[in-house]
Structures are given as structure tokens and as C-alpha cells.
Amino acid sequence: MKKLIRHVIPILITVMTVFSVIPVHAELIPRESIPENTPQEAVNTAESFIKDTLIKVQNGLGYADARAETNKILFNAFLNNQTNGYSYGLLTIIANNALFEYRDLYLRSDYYSAAEEQVKVLISDLITAVETGVLSYEKAKEEAYTRIYKSVDPSYDPSEKEFVDFCYWDIPSVDSAYFNRARKLLLIALKWQDELYETKFLGVELATTRTGMVSITAILEPVTIEGTVVTRAYLHNVDIFNSFKFGIGDTVKVYKANMIIPQIAENATMSNTYKLPMICPCCGEPLNMKASSGGTMFLFCENQHCTARLVQKFAHFCEKTRMNIEGLSEITLEKFIGHGWIHNFGDLYDLEKHKDEIINTDGFGEKSYIILHNAIEKSRKCTLDKFIAALGIPMVGRHAGRILNEYFKGDWTAFEKAIAEGFDFTNLPDFGEIMNKNIYNWYSDEDEAKTV
Ligand SMILES: [Zn+2]
């Protein structure tokens, strides 16, 4: 169904001159044209007076004529005390904004679709973020407005202006149509969350990652959403998990955000009896709760020797953009770590010791061993920047690796010598105090240092 909606939207825009897409029953005024924080009753009041004019615009009445007509009607209604206490000023703003929209929709539809297309490109990531629930509508809207402003005036700084609804009252150089298009697209994105499917919450599955952070995934009774069976929904962090107040067997409503990733929208039961298992699924050590810099709570396995953590770390090391060692899948890594053949990165280059054992493991013949061996040997000749990025020192990635490579002229020994002499890495471009500390922490860690 959603797929259909997405494909239909562009078509709708082109046929808007023929069919009204404005929702029926007392909703002739487009949502995106209503000024922020306007009471619904004021909108209904304005609509009751201007609906005939709006319909006339649908049938070709010009904007100036329509505006003169609504102004006159509203002024008379205000004089006769028929506006439920709402001012003439507020009602004319509602009416004029609606007329702007109608003018674009019905009298210059090419302009309407062109403006929408432009805005769609400008804020496509925000649309996705709202669909997936990553960003609230309000935040996305602010960012969308900023981008629209910046597209006209690159020096525009939102922190210097109060963020009111300048969509309507303070538009120095941008056509309000662009803000309206942004609001419309974000409102549609928000609406996609409304297509909910009911199922049951059966528990969570934890998985430890390379950083030790533990991801939380809800296990659901299988439910078919748009042709695929959904059994799991990612819960992002502990705060989101807590907000749902889960209990086993609770009825939850799920949707496929962006038509791909299943998300839980709400827990209808909220029995709040389910406790997160505070044990690492991999090493069995107790988990800790830690807050991110933004204050979000996450689960962590602090065990430096946790296998899951090592697997991810080795996989990171072997990635194409880092050491580029092919043939070491996470499954293979898990086996090698499980057998105790690799504890640190250095062990990878010493696998020869275990050649016979490796060849005799399930699904790993002589041929795979040779391929792997060659890939590892080849990676010995990598550059310092890739090697540093592969080490997984927190915040020291590929960009930092390139800077170190340049400064130490690709020489690992020079880099090590600098650490031994207490070199201050903050002297390098883009290196902050935390990165400097991370390098020293990493180097002082006995297990880590053995890798090199
Ligand atoms: Zn663990």
C-alpha cells in the first residue's frame, strides 16, 4: 500500500489540476498552509467563510479576485461578530495562505510541481528521517526551513534569528511556496507511520558490537507487512526500549519505516513486566548501562576479551578500506577466535602456526587457506594511514590516519617513537584533546599494544 502511495505522489502532482487531492470533509484548507500554532477552531471558522471562494479558484477564479472576495467576506463577518472571537487579522492570514496554495495548485501547477521537486531533493534525507522516526517533525521542519533559506542566502544563520513561523510573516527573499512544500512533504512522511500492523512482543535479542555497545532488537510474533514477514524490530537504545514498557505477549503496533526497516510505533498493552537481560549474549559477563554524550542510555559489555567484541574488531581491521583482507568473514573470525588462534591483530600474521588445524576445520580446505594466507601476506604492504584506521582507536579513523601518515612519512616506528616520547598529537590538524588521549590509552593497553 505504501509503495503505491510513493509511486502515486508524483502522478498526483501532475493531475492536481484535474482532481482535488485536498482531503474531504471540512478540510478545504491545505494542512501545510495553516500558520503554526493556529487553533483548529480558527481554521474551521475561516474555512466556513471562504470555502465557496476556494472552490471557485479550483474552477479558475484568479488569485487577486479571490483575495478581494475573501477579505470582504471576512471583514463583514468580523463586523457582525460571527467569527467566534477570532480576529479579522488571523482569519485573513489563514485565508490568504490557503489562497496562495490554491493559486499554485490550480492556476500554476507547473510551478507547484517544480517547487516541490526542488524541495524534495533539498530535504530528501530529512523526509527519510521523519519516516523512520529518527527525527521529529518539528526538528525536521526547522532544518528544512534553514536549508531553504540557505539555498537563497548561504550566509543565513538560524541561530541569529528567532525561529518563529517566518514561513508567513518574515520571508525576505524566499517564496513561501518552498516552505509549504517542505511542510507538506514532512507531513506526508509523518503520516506514513500511521499504517500500523498489530502483533505481539515476545522478548528482545541482544547483540554485542565491536565497541562493546549492545544493540537491542525486539522479537515479534510473525506479522506480514507488505508481502514480507516481520519478526524483529530494532529498538535503537535503552531509552526507546524503556519508553515502550514491554511485557511478554503485549500487543504492539508496527510499521515499516521507509518501507524497509520495521519499527514499533506503540505498545497498546504496556504491562511493563519485561526486564532487559543484563548479561552479555556473547561472553556472559554482566552488562553496564552508559549514557552517550547526548544523554541517551545504551547497554555496554565492558569485557575487553568479549569474543563478539573481538570478532567485530577483527572484521573492522580486515575491511576493504582498511587492511583489505579478503576471505576472513565474521563466521571464520568467530571460529578462529573461538579456537584461540587469534587474540590480537598480530596473530593474524602468524596463522601459519595453525595451518594444519585450520585446514582440518569444517568448510575450510587447503585452497581456502592458501587464498586467506595470500590475502594476509598482501596486506603486510599496506600504508600507515590504512593500518592506523584499521586499529580501531576510538575517533582515529581514516582521515586521522592520513594526517598521521603524512606527518610520520608512512613510518610506523616513527609513530611509535613519538608516543614513547610523549608527542602531543593536538599539534596536528584536526586532532583534539580526546583523540590525543585515545591514542595514549590505546597504546598503554597491553593487549592492544601486542598487536603491532
Ligand atoms: Zn561480552
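## Questions about helices, cores and confidence

User: How are H4 and H5 arranged relative to each other?
Analyst: Happy to start there, bearing in mind that this is a predicted model. H4 covers residues 88–107 and H5 covers residues 109–122, and the two pack with their axes 5 Å apart at about 105 degrees. An angle from 65 to 115 degrees counts as roughly perpendicular. H4 and H5 are therefore roughly perpendicular to each other.

User: Which residues of H5 meet H4?
Analyst: On the H4 side, the residues taking part are Asp104, Leu105 and Tyr106. Sorted by class, the contact of H4 with H5 has 4 nonpolar, 1 polar and 1 charged residues. The H5 partners are Ser109, Tyr111 and Tyr112.

User: Which residues touch the most other members of the largest nonpolar core?
Analyst: That core has 35 residues. The elements giving it two or more residues include strand E7 (297–300), helix H11 (307–318) and helix H16 (384–391). In general, nonpolar side chains tend to be buried together in soluble globular proteins. Here the residues touching the most other members are Phe314, Phe317, Cys318, Ile388 and Ala390.

User: With which residues is Phe314 in contact, leaving aside neighbours within four places in sequence?
Analyst: Phe314 is one of the residues touching the most other members of the largest core. A core of 20 residues lies apart from that one, and Ile29, Val43, Ile50 and Leu91 are among its members. Once neighbours within four places are left aside, the contacts of Phe314 are Leu333 and Ile342.

User: How many of the residues of H16 are buried?
Analyst: The buried ones are Leu384, Asp385, Phe387, Ile388, Ala389, Ala390 and Leu391. They pack against H11, H17 and helix H18 (412–420). H16 is mostly covered, and the count of buried residues is 7 of its 8.

User: Where does Lys245 lie?
Analyst: Lys245 is not a glycine, yet its phi is positive, at about 50 degrees. It has 14 other C-beta atoms within 10 Å, so Lys245 is partly exposed. Its place is the loop between helix H10 (238–243) and strand E4 (251–257).

User: Is Ser444 buried or exposed?
Analyst: Ser444 is found in helix H19, residues 433–444. Its C-alpha atom is 9.9 Å from that of Ile419, which is 25 residues away along the chain. Because Ser444 has 10 C-beta neighbours inside 10 Å, it counts as exposed.

User: Which element has the lowest mean pLDDT?
Analyst: Across the protein, pLDDT averages 79, and 85% of the residues score at least 70. The pLDDT is below 50 over residues 1–26, and it also stays under 50 over residues 162–172. Where pLDDT is low, the predicted coordinates should not be read in detail. Helix H3 (residues 63–79) has the highest mean, 92, while the lowest, 38, belongs to helix H1 (residues 2–15).

Note on methods. Residues numbered from 1 in each chain as written. Predicted model: local features only at pLDDT ≥ 70, side-chain atom pairs only at ≥ 80, totals over all residues. Axes fitted to C-alpha atoms, helices over the stretch in contact; angles between N-to-C directions. Helix = DSSP H or I, 4+ residues; strand = E, 2+ residues; numbered from the N terminus. Parallel < 35°, antiparallel > 145°, perpendicular 65-115°, else oblique. Contact = placed C-beta atoms within 7 Å. Nonpolar A, V, L, I, M, F, W, Y, C, P; charged D, E, K, R; others polar. Core = buried A, V, L, I, M, F, W, Y, C linked by C-beta atoms within 7 Å. Buried ≥ 20, exposed ≤ 12 C-beta atoms within 10 Å, placed from the backbone. pLDDT = per-residue confidence, 0-100.
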